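Work through the exercises below with the structure open. Each task is followed by a stepwise solution.

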Amino acid sequence: MPPLDQADHGSATTCPYCGVGCGLRAAADGTLSGDAGHPANAGRLCVKGSALGETLGPAGRLGAPQLRQPDGGFADTDWDSALTTVADGFSRIIAEHGPEAVAFYVSGQLLTEDYFVANKLMKGYIGSANIDTNSRLCMSSAVAGHKRAFGEDVVPGCYADFEQADTVILVGSNLAWCHPVLYQRLVAAKQERSDMRVIVVDPRRHATCEIADLHLPIKPGSDVTLFNGLLGWLAEQDKLDRDYIDAHTAGLEAALTTARAAGDIARVAQDCGLRAEDVAAFFEAFAASPRVVTAFSQGVNQSSAGTDKVNAIINSHLAVGAVGKPGAGPFSITGQPNAMGGREVGGLANQLAAHLDIEETAHRELLQAFWGCSQMPEQPGLKAVDLFEAVHEGRVRAIWIMATNPVVSLPEAERVRAALAGCELVVVSDIMAETETARLAHVRLPAAGWGERDGTVTNSERCISRQRPFLPSHGEARPDWWIISQVAARMGFGAAFDYAGPEAIFDEHARLSGYGQAAVPRVFDISGLAGLSRADYDALEPRQWPLPAGADAEFDSARCFGDGCFATSDGRAHFVACTPRPPAVRPDVEFRLVLNTGRVRDQWHTMTRTGLSPKLAAHRQEVTVDLHATDALASGVQPGGLARVKSPRGEVFARVSCSGEMQRGHAFLPIHWNGQTAARAEVGKLIAPVVDPISGEPEFKHTPVAVSPLPVRWHGYALLRNDDADSAHNWLARWGEILPAYWCLIRGEQHLQFRLAGFEKPQEVASRVRALLGAGGDADWLEYSDQTAGDYRAVWLVDDRLEACFYLSARPDLPGTEWLSECFASERLAGNERAALLAGAPSTRANEGPTVCACFGVGRQTIVDAIRDQDLDNEAAVTKRLRAGGNCGSCLPEIRALLADVAA
Ligand code: SF4
């Protein structure tokens with residue numbers, strides 16, 4: 001990890017990954033730890049937060065502005081040239097084709113200050129609403145649902161509600177892996193309160209189900225039916241809170257009429273693919289718990305009916321008056337660290353800043369008066385999927401992409417790639433040089449990374465926290481707000497973007513939130529944070545909104561709408577009649593499995609940062625398609641083998657697993673792997689550009705696919721010493737010509753590992769490997785070949801130090817590679833170790849199996865052996881003996897599963 005910046009502004013900062021928004025502290029020696037004073041995590045961190053220090057090096061960073069050259073390569077340039085190129089390009093295209101011909105595509109990774117300035121430039125000064133964000137892919141259905149029900153995009157509750165509820169319902173959320181610290185808080189609360197119930201509604205039996213009292217493995221797309229059924233049942237059982245409904249809501253009768261069509265419990269169960277007794281238990285638990293939280297995430301949002309799913313959930317809460325009260329409320333968990341901040345500043349194409357509405361004249365006039373700008377778009381801009389389609393069609397001719405990788409993450413990713421390849425001007429601001437998107441840029445702008453940035457983020461419970469810089473900027477990298485402001489100045493808008501620093505932007509953001517509240521009241525009001533000096537801004541403690549001017553430090557912002565007053569024009573919450581709609585694309589004879597997509601425990605987005613951490617690579621090493629064992633059999637694939645996962649739009653190669661989490665007819669692929677880390681692993685290529693008609697959020701959770709064996713003739717792996725920060729790129733460049741059909745890159749402590757498989761004859765591969773690796777002058781080149789069995793092994797040593805090894809076999813059952821990590825750690829290998837390398841099996845070294853506890857590097861076999869040999873019967877005993885699970889706790893569900901396996 002690089003040294004801390006001596007001129008740092010304080011050591012407390014916020015995690016850059018998920019929407020839990022945990023606080024961290026950077027110590028003077030460069031170590032990072034959970035911030036005990038942060039309200040989100042009280043010192044806890046998950047494994048991703050704990051491994052942040054491994055991701056801060058210079059590997060892969062973009063260090064200077066770059067312009068694409070005629071030969072397709074990139075050359076460094078100075079900031080002035082790069083900024084002028086961007087400004088001139090945008091200005092020319094606007095002059096020739098109008099403001100609708102340009103667009104920004106931004107990210108929930110941006111700080112609020114960056115987001116604010118980008119939105120101001122596009123909507124206030126360019127005069128187009130063509131700015132959308134990758135948060136569109138994550139929680140825009142929740143935004144739309146909140147607006148329909150509450151009149152404003154407000155999450156009514158807070159994290160403490162998870163601890164205070166009698167019943168917590170998790171819908172479409174693998175909280176244990178995707179929001180681990182919030183999950184740990186829930187686990188701790190449940191351990192303290194034996195009467196607390198947790199119900200998981202999710203097609204997969206994933207890690208979160210480990211604490212569930214009831215798991216409803218719902219048929220994908222039937223969530224509206226389930227919650228309509230609940231609403232109808234509540235009415236039939238006379239469980240509605242009539243006083244609350246009469247005083248504080250509107251629209252019950254229409255919603256109820258629609259909901260009653262779901263039928264009785266038996267019919268709901270049948271339509272949702274559930275057991276009637278489980279549906280009855282769920283309904284009873286909901287009705288019996290005045291303190292009930294229904295938390296939902298991408299499993300609800302990423303659907304062609306996502307907004308209706310959100311409103312069906314909210315309807316149930318309105319029916320019993322469980323909104324904005326301690327331990328009670330619907331709760332949207334955001335995926336990204338600053339998705340909420342982006343919503344505050346109008347980062348979505350259909351929003352204006354400060355929760356103002358683009359389609360309301362009074363709102364537009366208010367914002368225009370505040371900024372003093374001459375124009376304001378009157379219609380929403382293009383949402384993410386439509387935006388890239390407009391690029392493809394040439395309607396948008398210049399696009400600036402900030403801190404995101406749409407070529408991997410958007411549906412129909414190949415079409416997005418083609419759209420950018422044909423676009424007149426593509427500008428990319430990023431911390432990394434070689435993302436799939438950055439490769440298509442005409443101008444690359446190096447952005448400051450986490451640890452270098454200075455600003456604020458807002459987490460899922462509306463808590464604003466500071467991200468503070470504690471590292472010097474990498475190379476020429478600059479904050480995003482500065483880059484945008486400099487371009488704005490070169491486009492002629494300098495006076496409106498003359499910010500002294502992020503504190504000036506935050507001040508404008510806070511003042512705007514309070515501006516015109518009498519005429520256009522909004523819940524979002526942080527005018528109490530306006531006027532902070534630089535020192536005040538530096539010292540800003542985490543604070544939830546709303547925080548209006550005049551509010552003192554004790555002002556209670558924990559919950560909203562608890563008084564029954566909502567942000568709608570009539571002050572009432574609105575029930576929304578939601579008619580169930582099945583997923584837009586259904587399975588058929590050719591594509592008969594339903595693909596679900598999501599995250600794994602230790603990776604984040606497209607791995608541009610977490611992919612740098614050996615610790616995080618240890619848990620799930622390859623892209624894996626998870627199947628029910630029966631579907632694997634029917635598809636002709638086996639666990640551990642390789643499969644081709646195909647949709648009408650593309651294909652992905654993946655290792656097969658049958659974890660036991662999947663229902664029959666379903667498949668699951670993680671979203672993280674991409675062209676930098678694996679061959680044909682970009683899940684976005686499979687997804688149809690089908691979106692929710694209201695929110696525009698794509699249907700990532702329901703893609704019909706076919707799975708078939710990948711007919712490779714050999715399997716293997718290569719491990720290569722990793723001496724310099726950029727060696728992954730160097731090796732990829734060298735290996736590019738001979739990389740086989742299937743490869744996956746896994747980063748180790750001292751080495752890089754490539755898992756390999758191909759269609760060639762094994763002998764052909766062996767001779768290519770020999771040509772690439774075996775040509776070293778003073779190297780010892782050891783080989784073993786058994787052509788009959790199809791085995792080939794080669795080891796390259798220099799002064800008895802392992803430099804590289806290669807194993808190839810016609811059989812897929814290669815031995816594990818974990819023991820080889822220790823060989824790379826050794827400066828000089830003994831004779832028996834050299835022999836073991838050639839034998840392809842550990843000598844005295846134990847083979848740990850896959851890593852379970854990434855924090856302490858404890859493998860599966862070590863845990864199983866300890867449980868068996870030392871009669872350990874609970875996770876605390878395992879932690880005491882091996883330390884596994886004793887830090888972030890993310891692996892505790894897996895340790896408990898191993899305890900159960902051994903006991904069985
Ligand atoms: Fe970061 Fe983990 Fe906390 Fe999410 S739960 S903010 S990834 S430390």
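**Exercise 1. Which residues lie nearest the centre of the second largest pocket, and how many line it?**

Step 1. The lining of the second largest pocket has 25 residues. Nearest the centre lie A618, E749, E818, S821 and T851. A pocket here is an open set of points on a 1 Å grid over the protein atoms alone, where a 1.4 Å probe fits, with protein on both sides within 12 Å along at least five of seven lines; lining residues have an atom within 4 Å of a point.

Step 2. Elements giving two or more residues to this lining are helix 23 (614-617), strand 28 (742-747), strand 29 and helix 27 (818-825). Helices (H or I, at least four residues) and strands (E, at least two) are DSSP runs, numbered from the N terminus. Helix 27 provides the largest share, 5 residues.

Step 3. The second largest pocket holds about 560 Å³. That volume is the space filled by probe spheres set on the points, which are joined across faces, edges and corners.

Mind the source: this is a predicted model, where local features need pLDDT of at least 70, side-chain atom pairs count only at pLDDT 80 or more, and totals for chains, interfaces and linings use all residues. Residues are numbered from 1 along each chain as its sequence is written, and side-chain values use heavy atoms, with hydrogens and water left out.

**Exercise 2. Describe the largest pocket.**

Step 1. Its volume is about 1,500 Å³.

Step 2. The largest pocket is lined by 48 residues, with H619, R620, S657, P850 and R860 closest to its centre.

Step 3. Helix 31 contributes the most to this lining, 5 residues.

**Exercise 3. What is the strand order of the open sheet of 5 strands, and which strands stand at its edges?**

Step 1. The order is 10-9-8-12-13, with parallel pairing. Two strands pair if DSSP finds at least two bridges between them.

Step 2. Strand 10 (214-216) and strand 13 (329-332) are the edges; each has a single partner strand, so one side of each lacks a neighbour in the sheet.

Step 3. Check one pair. Strand 9 (residues 197-201) joins strand 10 in the parallel sense over 3 bridges. V201 stands opposite L216 in strand 10.
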